[in-house]
Amino acid sequence: MLGQWHLIEPDLHDTYGIDVESGILRQRSWRWLQIRIGGLLCAETRLYRHFAPPPEDPKQRRRRR
């Protein structure tokens, strides 16, 4: 997931107001960051959209039945 840092960094700023260039990450624990990144996956964020499954096409659903 950290390979998507280019999505995480702006999402941290937009969602939590965290500027990673401020040095805050050196002052906080890994757990602190992990919880916030997990939160990005539960909100409408770049990171969520990257990992979210594509919406199911209703036409394909009917074919499977």
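Helices (DSSP runs of H or I, at least four residues) and strands (runs of E, at least two residues) are numbered from the N terminus. By this rule the protein has five helices and zero strands. Read from the N terminus on, the order of elements is α-α-α-α-α.

The model is predicted: local features need pLDDT of at least 70, side-chain atom pairs count only at pLDDT 80 or more, and totals for chains, interfaces and linings use all residues. Residues are numbered from 1 along each chain as its sequence is written, and side-chain values use heavy atoms, with hydrogens and water left out.

**Overall dimensions**

The C-alpha atoms fill a box of roughly 55 × 20 × 20 Å, taken along the principal axes. The radius of gyration, taken over C-alpha atoms, can be set against a globule rule of 2.2 Å times the number of residues to the power 0.38. For a compact globule of 65 residues the radius would be near 11 Å, but the protein has 16 Å.

The accessible surface of the protein comes to about 5100 Å², and 50% of this belongs to carbon and sulfur atoms. Such areas come from the Shrake-Rupley method with a 1.4 Å probe, and for residues only the protein chains shown count as cover. A residue is called buried under 20% relative accessible area, exposed over 50%, and partly exposed in between (1.4 Å probe, protein chains only). Buried residues make up 25% of the 65 residues.

A contact means heavy atoms within 4.5 Å. Among contacts between residues at least 6 apart in sequence, 51% join residues at least 24 apart.

**Charges and salt bridges**

In counting charges, Lys and Arg are positive and Asp and Glu negative, while His and the chain ends are not counted. Each charge is placed at NZ of Lys, CZ of Arg, CG of Asp or CD of Glu. The protein has 12 positive and 8 negative charges, and their mean positions are 10 Å apart.

A salt bridge is a side-chain nitrogen of Lys or Arg within 4 Å of a carboxyl oxygen of Asp or Glu. The structure holds three salt bridges, listed here.

| Pair | N to O distance |
|---|---|
| R46 and D11 | 2.7 Å |
| R46 and D14 | 2.9 Å |
| R49 and E44 | 2.8 Å |

The side chains of R46 and D11 meet in a salt bridge. R46 lies in helix α4 (residues 46-51) and D11 in helix α1 (residues 5-16), so this pair ties together parts that are 35 residues apart in sequence. R46 also forms a salt bridge with D14. That pair, too, links distant parts of the chain, with R46 in helix α4 and D14 in helix α1, 32 residues apart.

D11 is buried at 2% relative accessible area, R46 is partly exposed at 32%, and D14 is exposed at 52%. In the remaining pair, R49 is partly exposed at 47% and E44 is exposed at 57%.

**The surroundings of L33**

L33 lies in helix α3 (residues 30-40). With a relative accessible area of 8%, L33 is buried. Which residues does L33 touch, not counting those up to four places away in sequence? They are L12 and L25. L33 and P58 are 25 residues apart in sequence, and their C-alpha atoms are 38 Å apart in space.
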